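Please keep the viewer open as you read.

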Amino acid sequence: LPERCPLTLADLLLGFFRFYGQRFDWSLYAVCLRLSSRGSAVDKFSLATPASAEQWCIEDPFDLKHNLAAKCTPTARRRILEAMNEAYR
């Protein structure tokens with residue numbers, strides 16, 4: 001059986017907000033469940049879906065040519081990051 005995580009759900013959620021709101025470099029990396037492994041990042045320019053440095057890239061695990069964040073505007077991205085940073089504080 002897998003080892004149980006000692007963190008609470010609240011701790012995990014705060015860690016998610018901290019990682020994606022403060023540490024993750026959206027200009028270089030993609031959120032990619034298919035290729036990610038612990039401690040490594042996926043270069044967003046290596047995926048099937050073209051992306052610019054400004055655009056977020058979240059690979060759809062069921063349709064590899066679909067970027068789930070492709071329609072996210074700069075204003076929406078700013079608001080999402082602000083909300084994650086506010087939740088982490």
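Arg34 is partly exposed, with a relative accessible area of 43%; here buried means under 20% relative accessible area, exposed over 50% and partly exposed in between, using a 1.4 Å probe and protein chains only. This is a predicted model, in which local features need pLDDT of at least 70 and side-chain atom pairs count only at pLDDT 80 or more, while totals for chains, interfaces and linings use all residues. Residues are numbered from 1 along each chain as its sequence is written, and side-chain values use heavy atoms, with hydrogens and water left out.

The partner of Arg34 is Glu59, and their side chains form a salt bridge at 2.9 Å, N to O. The term stands for a side-chain nitrogen of Lys or Arg within 4 Å of a carboxyl oxygen of Asp or Glu. Glu59 is buried, at 5% relative accessible area. Arg34 sits in the loop between S1 and S2 and Glu59 in the loop between S2 and H2, so the bridge ties together parts that are 25 residues apart in sequence. Helices (H or I, at least four residues) and strands (E, at least two) are DSSP runs, numbered from the N terminus.

The whole structure has 3 salt bridges, listed here.

| Salt bridge | N to O distance |
|---|---|
| Arg34 and Glu59 | 2.9 Å |
| Glu82 and Arg78 | 3.2 Å |
| Arg89 and Glu86 | 3.1 Å |

Glu82 and Arg78 both belong to helix H2, 4 residues apart, or about one turn of the helix. Glu82 is partly exposed at 44% relative accessible area, and Arg78 is partly exposed at 43%. Arg89, by its 72%, counts as exposed.

Which residues make up the largest nonpolar core? It has 9 residues: Phe17, Tyr20, Phe24, Trp26, Val31, Trp56, Ala69, Cys72 and Met84. Such a core is a set of buried Ala, Val, Leu, Ile, Met, Phe, Trp, Tyr and Cys residues joined through side-chain atoms within 4.5 Å. Apart from this core lies another, of 5 residues, including Ala30, Cys32, Leu47 and Cys57.

Aromatic rings also pair up. Rings of Phe, Tyr and Trp (its six-membered ring) pair if their centres lie within 6.5 Å; planes under 30 degrees apart count as stacked, over 60 as edge-to-face and the rest as tilted. By this rule the count comes to 9 aromatic pairs. In one of them, Tyr20 and Trp26 have ring centres 5.8 Å apart and planes at 45 degrees, so the pair is tilted. Trp26 and Trp56 instead form a stacked pair, 4.2 Å centre to centre with 25 degrees between the planes. That pair links distant parts of the chain, 30 residues apart: Trp26 is in the loop between H1 and strand S1 (29-30), and Trp56 in the loop between S2 and H2. Ring pairs join Phe16, Phe17, Phe19, Tyr20, Phe24, Trp26, Tyr29 and Trp56 into a cluster.

Is Arg77 buried or exposed? At 12% relative accessibility, Arg77 counts as buried, and its place is in helix H2 (residues 74-88). Leaving out residues up to four places away in sequence, Arg77 touches Glu54, Gln55, Trp56 and Cys72, where contact means heavy atoms within 4.5 Å. Gln55, in the loop between strand S2 (42-43) and H2, is buried too, at 18% relative accessibility.
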